[in-house]
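Welcome, and thanks for opening the viewer. Have your selection tool ready, and let us walk through the model stop by stop.

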Amino acid sequence: MGKFLALASLLLICTFSYAQQGKELAAGYYTVVGAFDKSKEDFAQRFVELLNQKGLQAQYGFNSSRALHFVYVQNHNDLKSALESLYKFRAESEYKDAWV
């Protein structure tokens, strides 16, 4: 029973980690902390895992017009709120080069 629970837990973690695979970013404004070539999706996944371990709620998505996987920590519908959140995020985190 213990091995089954361990295997089930591992499967859930792996499924969650790779659930975003191939996800196209919706229109909007994102606080981006990293960008990776389309062939480096595994780098984006690992960076998301690292950020989440640090307590951030990071995600990533693919922008087909730029052929990049963007790792982001926030998203907004309007530029003004996105910029306000960006400035606050830069001030309160180690990611001073984050961008919208």
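Start by selecting Tyr60, whose bridge partner in strand 3 is Val71. Before moving on, note that this is a predicted model, where local features need pLDDT of at least 70, side-chain atom pairs count only at pLDDT 80 or more, and totals for chains, interfaces and linings use all residues. Residues are numbered from 1 along each chain as its sequence is written, and side-chain values use heavy atoms, with hydrogens and water left out.

Now show strand 2 (residues 59–63) with strand 3: they run antiparallel, joined by five bridges. Strands here are DSSP runs of E, at least two residues, and helices are runs of H or I, at least four, numbered from the N terminus; two strands pair if DSSP finds at least two bridges between them. In the hairpin of these strands, with four residues between them, click Ala67 to find a positive phi near 55 degrees.

Select Tyr30 and look opposite, to Asn75 in strand 3.

Go back to Tyr60: its side chain makes a polar contact (3.1 Å) with the side chain of Gln45. Such a contact is a pair of N or O atoms within 3.5 Å; within protein, one must be able to donate a hydrogen and the other to accept it, and residues adjacent in sequence count only if both atoms are side-chain atoms. Gln45 lies in helix 2 (residues 41–53). Is Gln45 buried or exposed? Gln45 counts as buried because its relative accessibility is 5%, where buried means under 20% relative accessible area, exposed over 50%, and partly exposed in between (1.4 Å probe, protein chains only).
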